[in-house]
Amino acid sequence: MIASTTAWVDCDWLAGRLGDPQLHVLDASMTKVVGKEPIIYPQLQVIPGARDLALETELTDTDSALPNAMPTSEQVSARLQALGIEAGDTIILYDNQGVYSSPRAWFILKAMGIHRVAILNGGLPQWLAAGYQYLTGYAPLPKRRGKVMAQLQPEWLVTAEQIKQRQGSAEWVLLDARSAARFAGTAAEPRAGSHGGHIPGAINLPFANLLNGYAYKTVAQLDEYFGEFADKHLMFTCGSGITACILLLAAWQYSAQAGLNRSLQLYDGSWAEWSQLPSSE
């Protein structure tokens, strides 16, 4: 239903396919928004037929000491099965900030071996701006559980130790999605215990640079940010692994369209972990 080179769809595409039993629309919004001014809604507004992914609870390892930690494959399998998803179904993710947390959900599912997944570019704000209908409640969970199984694909992730080993490498580039002030250490980190600064050797690419209003810039416009790294493998970091996925999804879409065969990896611990390591200054 979606092409293998597609990481996002637009509102018209989705509107024309609502009601397809093999299409699942999932709300991947978060209650905590860091790094941007949040859009506040007077009430819950939901794309018709959408269900709640429960990203912050069901698709987060809440036993981890780190914020927003990657879930286990068992967690992902359980949630997707509860949502009635079968292997081969198509999943469209969106969030209520435009492009914020839906790329994180996309990354989790891709890293868990779920292939037919994309985000709604521009999310709920774009949907409403286009004049499409909304409801004030989610669709109920289906009576029949799905049978899809998640399986972690470790090549999507990079550890702190691997980053240390690759520092100074001519093949790998580390991109940090935080604001320039947080990257420079002149703005306070939002999490207690994290001092300012960045991972040595990282390059700052604030996630807002990739956006035009609520949605991503075009793939042609993304060349400004990723074209110079066309022959590099890319790693991504931020504060706690959320906005780094905004960069990663954009780089995936850019790479797929350009026919680039390279590794794109998330440092899930990000600055929340790195800043606690010995000698992290």
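Author: Gladly, and let us begin with a term: a helix axis here is a line fitted to C-alpha atoms over the stretch in contact, and the angle between two axes runs from 0 to 180 degrees between N-to-C directions. Please keep in mind that this is a predicted model.

Reader: Thanks! With that in hand, at roughly what angle do the axes of helix α7 and α8 cross?

Author: Helix α7 covers residues 219-226, and its axis comes within 10 Å of that of α8. The handedness of this crossing is left-handed. An angle from 65 to 115 degrees counts as roughly perpendicular, so α7 is roughly perpendicular to α8. The crossing angle is roughly 110°.

Reader: And how is α3 placed against α8: roughly parallel or roughly perpendicular?

Author: The axes of α3 and helix α8, which spans residues 244-258, come within 8 Å. They cross at roughly 65°, and α3 passes α8 in a left-handed crossing. That angle makes the relation of α3 to α8 roughly perpendicular.

Reader: Now for the aromatic rings. How are the rings of W8 and Y216 arranged?

Author: A pair of aromatic rings is described by the distance of the centres and the angle of the planes. The structure holds 7 aromatic pairs. For W8 and Y216, the centres are 4.7 Å apart and the planes are at 20°. Planes under 30 degrees apart count as stacked, so the pair of W8 and Y216 is stacked.

Reader: Is W8 buried or exposed? And what is the relative accessible area of Y216?

Author: Buried means under 20% relative accessible area. W8 has 16%, so W8 is buried. Y216 is buried as well, and its relative accessible area is 5%.

Reader: What kind of aromatic pair do F107 and W156 form?

Author: Their rings lie 5.8 Å apart, centre to centre. The angle between the planes is 75°, and planes over 60 degrees apart count as edge-to-face. The pair of F107 and W156 is edge-to-face.

Reader: Where in the chain do F107 and W156 sit, and how many residues apart are they?

Author: F107 is part of helix α3 (residues 102-111). W156 lies in the loop between α4 (123-129) and α5 (160-166). The pair links distant parts of the chain, with a separation of 49 residues.

Reader: What relative accessibility does F107 have, and which residues form one aromatic cluster with F107?

Author: W156 is buried, with a relative accessible area of 14%. F107 counts as buried at 0% relative accessibility. The residues that form one aromatic cluster with F107 are W106, W156 and W252.

Reader: I also like to look for charges over rings. Over the face of which residue does R166 lie?

Author: There are two cases to show you. K164 lies over the face of W274, at 5.8 Å from the ring centre. For R166 the distance from the ring centre is 3.6 Å, and the ring is that of W172.

Reader: Let us turn to the cysteines. How many disulfides does the structure hold?

Author: A disulfide needs two cysteine sulfur atoms within 2.5 Å. C245 is in no disulfide, as the nearest cysteine sulfur, that of C238, is 6.9 Å away. C245 counts as buried at 1% relative accessibility, and C11 counts as buried at 6%. The number of disulfides in the structure is 0.

Reader: Which loop holds A54, a residue with a positive phi?

Author: A54 is not a glycine, yet its phi is about 60°. At 14% relative accessibility, A54 counts as buried. N68, with a positive phi near 55°, is also a residue other than glycine, and N68 lies in the loop between β3 and α2. The place of A54 is in the loop between β3 (51-52) and α2 (73-82).

Reader: One last question: how far apart in space are R262 and K232, C-alpha to C-alpha?

Author: R262 is in the loop between α8 and β11 (264-266), and R262 counts as buried at 12% relative accessibility. In sequence, R262 and K232 are 30 residues apart. In space, their C-alpha separation is 7.2 Å.

Technical notes. Residues are numbered from 1 along each chain as its sequence is written. This is a predicted model: local features need pLDDT of at least 70, side-chain atom pairs count only at pLDDT 80 or more; totals for chains, interfaces and linings use all residues. Side-chain values use heavy atoms; hydrogens and water are left out. Buried means under 20% relative accessible area, exposed over 50%, partly exposed in between (1.4 Å probe, protein chains only). Rings of Phe, Tyr and Trp (its six-membered ring) pair if their centres lie within 6.5 Å; planes under 30 degrees apart count as stacked, over 60 as edge-to-face and the rest as tilted. Helices (H or I, at least four residues) and strands (E, at least two) are DSSP runs, numbered from the N terminus. A charge sits over a ring if NZ of Lys or CZ of Arg is within 6 Å of the ring centre and within 35 degrees of the ring normal. Angles under 35 degrees count as roughly parallel, over 145 as roughly antiparallel, 65 to 115 as roughly perpendicular and the rest as oblique. A crossing is left-handed if the near helix is turned anticlockwise from the far one by less than a right angle, and right-handed if clockwise.
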